[in-house]
Amino acid sequence: MTGLGLRRRTLLGAAAAATAAATGGCGRGRRSVQVAVVWAGGELARFREVVAGYPATVQVVGVGNDIDAFLTARRAAGTSPDVAILPRPGLVVEYARRGWLGEVSPAASYAAPAGMGDLLSVDGRRYGVWVKAAHKSLCWHFPSMLAEPPRSWDALVTLTRQLGQRHRAGAGPAPLAIGAADGWVLTDWFENVLAAVAGVDQYEALARGEADWRGRPVAYALDRLAELWSVAGAFPGGGRRALLTQFEESIIQVVHHREAVMVFEADFVDAVVARFRRGDEPLATFRFPGARVADQPLIVGGDAAVAFAGSDGGAELVRWLSDAVAFLPWLDAGGYLSPNLAVPVDSYRDPLRRRLAGELRAADAVQFDLSDQLPGTFTGTDGVGIWRIMQDFFMDVTDGVPARKAVSRATGQLAEAARVAGGGR
Amino acid sequence: MSRGPLLGGLAVLDDVGPPRRGRAYPAAGVGWALLTPAVLLLGGLLAWPVLRTVHASVTTEGRWVGVEHYRAALAAPGTVAVIGRTLLWALLVPTVVTLLGYLLAAASRRSQEGWLVRLILVVPTALPLVVTGMTFRLLYDPDPERGLATRLLTWATGRNPEQLPQLLGPDLVTVAVMSAFVWAWVGLAMLVFRAALDAVPTGLADAVRAFGGSRRDVLWDAQWRPLLLRTVAVVFALVAVGTSRTFDLILVMTPGSVRDEAAVLSLRIWQTSGATTTGEGAALGVVWLVAVTAGMLVVALFVRQAWPPRSSRRQRRDRAATRTDWSGLLAAGAAIAWLLPLGVLVATSSPEPGTGGHRRGGPARRGWTPTGRCSAVPSCGAASASLVLGHVVTAAVLGRAAAAYPLAWLTGPAAQVTGLVLMAAVVVPVQVIAGPLNEVLGLALSSGTARGVALVHIALGVPFAVLVLRNAFADLPADQVRGARIGGRHWWGTLRRLARHNRTALVAVAVLEFVQVWNDLVVGLLFSGPDAAPLGLFLAAQTRGFVAGSGPLAAGCVLASILPVLVFVLARRQVVAGLVAGGVR
């Protein structure tokens, strides 16, 4: 299960369920189109609003977290839905290679950021369009606790050392909160650092399974992470405590208890902030610092719509979903980011989203969440795949294992996991 | 009463004799008609998926690969540790539960406040394992503000929480999960032992004493040999099968970073293949299935003996005077220890911070502000989904009385074979057959719907219900059977009359099915979508934001537990009687 899909579903599940006036947007029509989605709660309600605008009846089936199992079973039974919204591009590629999907063509206005569009194509054919995105290169802090955010990785390390020392002396909050109990938080860290130190080519080669995980860029990125994570006093309660801290708790540590100064995660952090912030001070963000001041990594995640082979109305609906108009209900609700560059920046309600949409456009190339592209179990879930490997690595470096040893252990595990996951194909 | 203490179904049939059969038996056609729904369900939703899983374990996309998947699954890092941990669970935990159950049953029988102790201990038995997991996770939370156990440790050792061993950390997490399981199961073990001790004829002990037997001789000759040996086997088997349900506990209690340190086979299978059953996941599943079934059958052979007739329960309570200090202390200590987690749960859910509340306020108590209350809306939806499911499934399973009826008249090898088949079907772990089951549901277009979840529940409940009811029908005293046959004009009239005599078994089956469906997590997890999410799944999904929402979460847990606890506590006698008399023969 992908972190992206899960965390947004959980986040919004509670908050948006209040608006659970979801009265399934399907009536009786001529030929209805069936869509399987991973969303639940508010997101599901929103999507039903979206498809209510479609000319034909659309039957939306929320299938819970394990959409892969649902679709595999339906496929075996010969009752695949017409369209599915998949939480990670790795699945799109897998299904397309098995011949399950039909080719789709997006609306004329549809434009995805460079680096995202190709992910849904296999052998030059396009099998999906992006319908929703997340910006995953943000750090959050209160301006009153951190006046000048670090602008490069080295500045971040220096700052963490200073604050860590102060924290250990009992004179201030810890520099960083981190929800290491959720593996996807750690993979997001890793991906940002990797994108900053490795070129686009190397990053994408790893995603496609063509590069060696024992190679230099991975080791270098892990080395940098070890440098930061091993700082004494970096996390409230220490490393072992951080491994039992979940994503939401890490944000609460910053915005409610003020036990930590900064927390890194994606744009959907603001939903948690809205629920738990103490005081009126607005939270500020800065981009994840890159190796140099000039180049900051930009990692995005997203959900893609695909049409199944042999479906009548599937490709048509997918095409319709790729139109900017289809994103309007999301815009009205606020808190969502469109991967479609045809959605005007001005149409976003909140200033943060407006800025992030601008960043999506300004970037030469965005890089898509690496773990969401990995095949099979390597993609990670609790206790499995890259999530598990990054947690082991975190445990090692915060537990005093020398960085070199921890890095070589982690790269070995990554390479082995990649081999096993890729072995089937 | 026309039957002796150790009569089984055979004797009942012999007593009826051949000449009367025509009138009494359901005709062959009717018998088959009664059996068909159960056979279809079992065949389609259990037998066929099991075969598909076996097939998937030796093939890759239809291609024969022999034992390759098995080799790969066993060679995968951590598999050996997982199997070892599963074995540890299946041996250590039942031993502890059996021992504690016996001691507490003996102790609570002797003390005046025994009923209170028993009541306290029985409550955790009926709690959804999701709630148990949540409770213990709260108890063991590394933050001393939330985790009572951590706070007590800090207080006792005078050390900083950072220096303490973490109860949910990688070293202790298995112990932590086991402690939660023991907490949940001891109550049931105690009830069964108590029923057994009550059933021991007191005259036996007097006879042993009269011949100059010591206390140990009394224990051995008057309790162990006639009854306790079998009871121990029953309890041990029940708990060992129950340990396969640790899945829920591990899923809820362990943060992602230590999940591997706590993983058992059920979890590993789910991790490897999710709800699709392929390759290595299928291979592990088959290994597990074979082990569980073999273990169950061995135990079944051990305990194939009838329970003494219910009438012998009359003679009890004449020894309440022999109260000893240790038993009183033990009972009181257990009651306090068992109340503690419940107290933590209720305190966390309460709007007022009690002594163990949240001094930091804020997030933990937000459940009662307008923001937090929104989580109550879906929880109501999930609760009603569970309620509907519970009713549907209970009704459907009770309908299985119809299938149990013709089976009860089987004799000899046929009866034994049906018994063993049903027994094996009872213990099929649903994770093992999730993929093929989903395929079958997909055929009926019910995957991800409430209908699909109900179908799975019904199919999983059938073997147990039929087993218990079959044995109950077969156990009916001959005079009752004769009376029903003479009174009932048609086979259904006979069935109705017989069912009336079987009220205990019917109640036991209904209550157990209801509680199981209400408390379910795994079926919901594998087969439902958000439109049909049952309560357990809803609560489990909230654990991702465990800290952020511990207040409303605990409140949801308390609400979710009220109904099953009430039902179970009220019907505990029938449940135990039904379990011991029917479930394990």
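Predicted model: local features only at pLDDT ≥ 70, side-chain atom pairs only at ≥ 80, totals over all residues.

Colleague: How many helices and how many strands does the secondary structure of chain B come to?

Modeller: Chain B has 585 residues, of which 53% count as buried. Among its contacts between residues at least 6 apart in sequence, 81% join residues at least 24 apart. The secondary structure of this chain B comes to 29 helices and two strands.

Colleague: Are helices α9 and α11 of chain B roughly parallel or roughly antiparallel?

Modeller: Helix α9 of chain B covers residues 173–199 and helix α11 of chain B covers residues 215–242, and their axes lie 10 Å apart at an angle of about 160 degrees. Because angles over 145 degrees count as roughly antiparallel, the relation of α9(B) to α11(B) is roughly antiparallel.

Colleague: By class, which residues make up the contact of α9(B) with α11(B)?

Modeller: The two helices cross in the right-handed sense. On the α9(B) side the contact involves Trp185(B), Ala189(B), Val192(B), Phe193(B), Ala196(B) and Ala199(B), which meet Leu227(B), Leu228(B), Thr231(B), Val234(B), Val235(B), Val239(B) and Gly242(B) of α11(B). Gly counts as polar in this scheme, and by class the contact has no charged residues, two polar and eleven nonpolar.

Colleague: How many residues of helix α12 of chain B are buried?

Modeller: Helix α12 of chain B spans residues 246–253, and its buried residues include Phe247(B), Leu249(B), Ile250(B) and Leu251(B), with Asp248(B) also among them. The helix is largely enclosed by the rest of the structure, because the buried residues of α12(B) number eight of the eight.

Colleague: Turning to chain A, which strands stand at the edges of the four-stranded open sheet?

Modeller: The strands of this sheet in chain A follow the order β9-β10-β8-β11, with mixed pairing, and the twist averages 25 degrees from one strand to the next. Two strands each have a single partner, so one side of each is left without a neighbour in the sheet, and these edge strands of chain A are β9 (174–177) and β11 (284–287).

Colleague: What is the bridge partner of Cys139(A) in β10(A)?

Modeller: Strand β8 of chain A, residues 138–141, pairs with strand β10 of chain A, residues 260–264, in the antiparallel sense over three bridges. In β10(A), the residue bridged to Cys139(A) is Phe264(A).

Colleague: At what angle does helix α10 of chain A run to β10(A)?

Modeller: Helix α10, formed by residues 247–255 of chain A, lies across β8, β9 and β10 of that chain. Relative to β10(A), helix α10 of chain A runs at about 145 degrees.

How values were computed: Residues numbered from 1 in each chain as written. Chains lettered and ligands numbered in written order. Axes fitted to C-alpha atoms, helices over the stretch in contact; angles between N-to-C directions. Parallel < 35°, antiparallel > 145°, perpendicular 65-115°, else oblique. Left-handed = near helix turned anticlockwise from the far one by under 90°. Contact = placed C-beta atoms within 7 Å. Pairing = 2+ DSSP bridges. Buried ≥ 20, exposed ≤ 12 C-beta atoms within 10 Å, placed from the backbone.
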